[in-house]
Amino acid sequence: MLCEGIGGEKEAEAAGKMAAVEEEEEMGSSCSWRMRGVAVVLLRGLLLCALVAGSGWCNSVERKIYIPLNRTASCVRLMNATHQIGCQSSMNGDTGVIHVVEKPEDVQWVLTDGPHPPYIVLLDGELFTRDLMDQLKESSRISGVAVAIAKPSPVKGFSPASKCPNDGFGVYSSDYGPQYAHCNNMEWNPLGNGLFYEDFSFPIFLLQDENETEVIKQCYQTYNLPRNGSVPQYPLCAMQLFSHMHAVTSTVTCMRRTSLQSTFSINPEVICDPLSDYNVWSTLKPVNVSTKLNSTEKVVMVATRIDSHSMFWNVAPGAESAVASFVTHLAAAEAIHKAPNVQSLPKNIMFTFFQGESFDYIGSSRMAYDMQKNKFPIRLENIEYFLELSQLAPTNPSVFWMHTDPLSQRNLSDQINTMLVALKNSTAGTGVEVREISSSQALPPSSFQRFLRLKEIPGVVLADHNTSFQNKYYQSIYDTSENILLNYPEWLSPEEALDHVTETAKSLAEVATVVARALYQLAGGSGSTTAIQADPKTVTRMLYGFLVRTNNSWFQSIIKADLKGILENEPPPYYIAVSKPVNATYLVHYVLANLTGTVANLTKENCLSSDGDLYEYAWVQGPQDPNSTSSRLPFCVRSAVHLSSAISPAFELREWGSTQYSTWTESRWKELHARIFLVASKQLEIITLIVGIVILIISFIATYFINAKADVLFATPQDSGAVAY
Amino acid sequence: MTLPVFFGCAFVAFGPALALFLLTVAAEPLRIIILIAGAFFWLVSLLLSSLAWFVAARAGDARDEALQRGLLVGGVVLSVLLQEAFRFLYYKLLRKAIEGLVALSEDGCCPISIQQMAYVAGLGFGLMSGAFSMINLLADSLGPGTVGIYGDSQLYFLTSAFMTLVMIFLHIFWGIVFFHGCETRQWWEVAAVVITHLIVSGLVSCSHLTFWNPLYLGSLLPSYLLMAAAAVWAYVLSGGSKQNLHHFLLCLRSGTTPPPGS
């Protein structure tokens with residue numbers, strides 16, 4: 001969502017306030033004193049502006065009525081070629097009486113018993129299940145759902161993704177391995193309840209802050225709790241959720257509408273944007289990006305995804321589904337770059353980080369498409385091996401699985417075996433064991449499948465699961481650092497925690513070592529691989545930065561000064577989004593540049609002007625100057641890191657109904673917010689109206705008579721009739 | 001959703017003023033002019049007092065609560081004094097206007113008496129101050145919520161409307177008494193107006209910390225008592241008496257006009 005992002009919120013709020021001011025003014029002037037309208041408008045505007053600027057109690061009445069919920073995330077509408085998914089509220093927000101559902105039985109009250117529909121259900125995180133949501137969805141008595149995040153994460157697991165992720169966009173279809181299509185062979189994500197792919201007609205919000213959840217529960221207990229069988233009395237505690245979506249139906253519809261408008265409107269109103277971002281890639285030996293690689297040059301491609309999602313917009317922790325594997329990938333890249341004589345290896349190695357893979361392989365489908373169409377410096381023919389790091393959470397014992405495609409095994413069994421052997425050989429001396437899976441098992445959902453669709457390439461997908469996913473929280477809000485057992489002792493300060501080598505980091509570093517050594521062998525390296533070693537310290541720093549807080553001294557030192565604003569005291573969301581590049585892409589980019597690049601001895605001006613086809617130069621902030629507290633020691637980093645577009649080819653080709661390429665778009669919206677307040681009974685409202693009408697009538701009658709008999713009423717003995725009142 | 005509350009409160013607050021305007025002011029252009037000019041004078045007084053408060057609040061330490069509270073109380077007092085000062089200025093202006101009107105009129109008699117002017121000017125003051133105290137509230141009454149999540153009274157909207165009503169009436173009566181005091185140079189009448197105005201504003205802002213905020217029964221009742229007293233006084237000053245009232249009631253009952261009592 002471009003226009004009303006986090007940054008735009010303040011302006012939007014201000015604009016909203018101005019609009020409110022105007023509305024009030026209109027009301028004032030329409031109340032029959034038209035003549036004064038102009039003066040009122042001008043002065044009131046002036047005064048209110050002064051007051052607003054003055055102290056912030058601009059509208060104290062509103063503050064008396066509403067408690068805004070600041071730490072929420074909303075389920076928004078996404079669309080693909082055929083469907084809309086997600087949630088939306090009505091234009092002016094959906095209001096309902098709050099009912100807290102902590103036990104499955106509690107839901108009976110909102111579905112049938114409660115006398116004050118519509119209800120907004122405050123759902124305990126543990127109860128946020130497919131069954132319950134289906135019940136709520138069918139009821140007309142529900143106007144919204146607020147989900148309180150469960151702490152600790154649900155033991156049973158929770159995944160709003162489907163049981164067969166990215167179904168239909170992988171390699172298996174009726175033409176290629178029909179027995180494997182649609183996860184016939186293996187349900188990869190058995191815990192997936194598919195909630196993410198449902199279309200809800202009511203808003204669903206996530207309450208991220210326990211304190212706010214507590215405030216709501218307090219309000220509920222005070223006003224709404226049915227006490228010993230009796231019905232709660234007004235006033236009742238209610239909630240209003242705003243998440244009105246501009247787009248409907250499908251990508252086909254909304255893209256057509258958007259493009260239609262842009263053809264004749266000067267100021268077109270975009271209603272949906274394609275999910276898009278950038279892939280990050282680099283090569284061991286620099287590649288000239290403005291020419292094409294010679295077909296004799298071979299490349300070993302390593303890939304991971306760097307995105308995830310959850311049911312809620314911009315909440316995508318993705319620890320196991322993305323972060324653990326791309327951190328391993330980064331560590332392996334560093335290890336290889338540090339190994340001796342790697343520049344003389346016969347084959348090149350390409351490190352690729354795909355964005356948008358959880359939305360039907362946006363990044364990989366685009367790169368594969370570009371490679372096929374010769375729009376990328378590397379062509380499909382150049383790819384000798386493809387190694388993908390899928391989900392890689394530390395397991396005990398440390399066993400990882402090498403998934404291969406059963407169909408290409410027929411023609412490419414030698415090359416695939418080479419890969420398997422290389423990986424197995426690399427485990428020597430590490431605590432890691434890699435195993436093959438049964439030869440009749442299909443590939444898990446992976447970017448590799450998009451390349452396999454175009455060309456038979458020998459490839460291996462390394463993952464922490466043998467059959468179905470080990471990850472209990474695939475693509476969910478609970479796929480956080482806890483999910484990969486990342487724990488820090490409480491007494492550590494942030495800077496100490498940054499360098500605290502955790503068990504998770506150690507075990508991922510071992511995997512990275514295995515990957516790096518295998519890549520070295522696959523690239524034709526013949527020397528001993530024992531020197532190639534991933535650094536657990538780098539891994540732990542990356543895990544801390546990517547999963548705990550991005551605002552740490554290491555990240556600060558490796559990014560450009562103008563990007564320091566993206567660092568926060570929390571991990572970045574790994575949602576691909578529509579603005580680009582997202583923070584996660586930036587971070588991966590600069591971490592990769594730092595780990596694989598070299599310090600170029602250049603001045604700032606030379607650094608900024610020497611960006612070329614082979615290398616990318618970045619003038620980064622550098623570490624804190626030890627002699628001074630405020631200044632830094634910036635330097636120039638030269639690396640072979642590049643960004644490539646990760647927008648689905650469907651949008652490039654304007655095939656919005658494509659079944660080949662991802663067609664996911666995100667609707668635009670005006671506001672996403674939630675607030676709680678009390679609602680008065682209808683009786684009180686009617687009484688107020690009646691009192692008003694009675695007073696109006698009485699005053700007209702009284703004024704009429706007083707006016708008519710003014711001479712009687714105000715007559716003075718001295719001065720009869722001269723005074724009218 | 002809560003249109004009933006909006007209209008209910010609007011009628012309570014502005015119903016009587018609307019009736020007075022339509023039945024006694026709207027028919028005569030001169031009165032309309034005086035009414036609007038009165039409203040304008042009140043606005044200017046508010047502008048000045050809010051400017052003063054704004055500057056003072058900015059100059060002071062925003063975190064010092066005692067200071068801010070003190071400033072607010074000072075602001076209320078200043079605002080009342082400024083309103084009354086502008087009432088006096090307006091009186092002076094109208095006084096000058098009467099001379100002009102007399103000069104213009106054919107029969108050498110002013111087309112509007114000073115008491116009438118006082119009433120219309122007071123209505124102008126009242127309408128404008130009422131508008132200011134109610135508009136915020138009316139706008140919020142349209143939303144789905146009602147006051148009370150912080151433990152405030154449910155009747156907030158209604159009591160606020162009644163408070164606005166009383167302020168409008170008080171401004172009318174203060175106008176009459178004030179002008180009478182100026183006219184007859186009985187300055188204690190003027191002083192009484194200022195003091196009662198201070199008392200009412202104090203009642204309002206003591207119950208809460210803002211000018212046009214929440215006025216509960218505690219401040220409503222004394223305000224209405226004050227209003228009743230002011231009404232009687234204004235009535236007496238503008239030529240009313242017990243006898244007249246008696247006659248008025250009599251003629252209301254019989255429907256005929258008895259000869260004016262003497």
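Trainee: Which helices each supply at least two residues of the nonpolar patch?

Mentor: Keep in mind that this is a predicted model. The patch covers about 700 Å² and includes I693(A) and I697(A) as well as L245(B) and L249(B). Two elements each give at least two residues: helix 19 of chain A and helix 8 (242–254) of chain B.

Trainee: And which helix gives the most to that nonpolar patch?

Mentor: Look at the members from chain A, which are I693(A), I697(A), I701(A), Y704(A) and F705(A). One of them, I697(A), is placed in helix 19 of chain A. With five residues, the top contributor is helix 19 of chain A.

Trainee: Is I697(A) buried, partly exposed or exposed?

Mentor: The patch takes residues with over 30% relative accessible area. I697(A) has a relative accessible area of 46%. Exposed would need over 50% and buried would need under 20%, so at 46% I697(A) is partly exposed.

Trainee: Let's step back to the whole chain. What share of the contacts in chain A with a separation of 6 or more comes from residues 24 or more positions apart?

Mentor: Chain A has 725 residues, 58% of them buried, and its secondary structure comes to 20 helices and 23 strands. The C-alpha trace spans about 125 × 60 × 60 Å along its principal axes. Among contacts with a separation of 6 or more, the share from residues 24 or more positions apart is 78%.

Trainee: Now salt bridges. Why are R130(A) and D134(A) about one helical turn apart?

Mentor: Their side chains meet in a salt bridge at 3.3 Å, N to O. R130(A) is partly exposed at 25%, and D134(A) is partly exposed too, at 27%. The separation is about one helical turn because the two are four residues apart in helix 5 (residues 130–138) of chain A.

Trainee: Which residues are linked with R130(A) in a network of salt bridges?

Mentor: A count over all chains gives 20 salt bridges, and the pair R130(A) and D134(A) is one of them. The network holding R130(A) also takes in D134(A), K137(A) and E198(A).

Trainee: How many residues apart in sequence are the parts that E384(A) and K347(A) tie together?

Mentor: The side chains of E384(A) and K347(A) form a salt bridge at 3.5 Å, N to O. E384(A) is in strand 14 (residues 383–389) of chain A, while K347(A) is in the loop between helix 8 (319–338) and strand 13 (348–354), so the pair joins parts separated in sequence by 37 residues.

Trainee: In the salt bridge of K506(A) and E503(A), what is the N to O distance?

Mentor: These two are three residues apart in helix 13 (residues 503–522) of chain A, so about one helical turn separates them. K506(A) is partly exposed at 38%, whereas E503(A) is exposed at 58%. Their side chains meet with an N to O distance of 3.2 Å.

Trainee: Last one: how far is I477(A) from V691(A) in space, C-alpha to C-alpha?

Mentor: I477(A) lies in the loop between strand 17 (459–463) and helix 12 (494–499) of chain A, and it is buried at 6%. Its contacts beyond four places in sequence include I149(A), L206(A) and F312(A). V691(A) is 214 residues away in sequence, and the C-alpha to C-alpha distance is 51 Å.

Key: Residues are numbered from 1 along each chain as its sequence is written. Chains are lettered from A and ligands numbered from 1 in the order in which they are written. This is a predicted model: local features need pLDDT of at least 70, side-chain atom pairs count only at pLDDT 80 or more; totals for chains, interfaces and linings use all residues. Side-chain values use heavy atoms; hydrogens and water are left out. Buried means under 20% relative accessible area, exposed over 50%, partly exposed in between (1.4 Å probe, protein chains only). Contact means heavy atoms within 4.5 Å. Patches are made of residues with over 30% relative accessible area and no salt bridge: like charges are joined within 9 Å, nonpolar side chains (Val, Leu, Ile, Met, Phe, Trp, Tyr) within 5 Å. Accessible areas come from the Shrake-Rupley method with a 1.4 Å probe; for residues, only the protein chains shown count as cover. A salt bridge is a side-chain nitrogen of Lys or Arg within 4 Å of a carboxyl oxygen of Asp or Glu.
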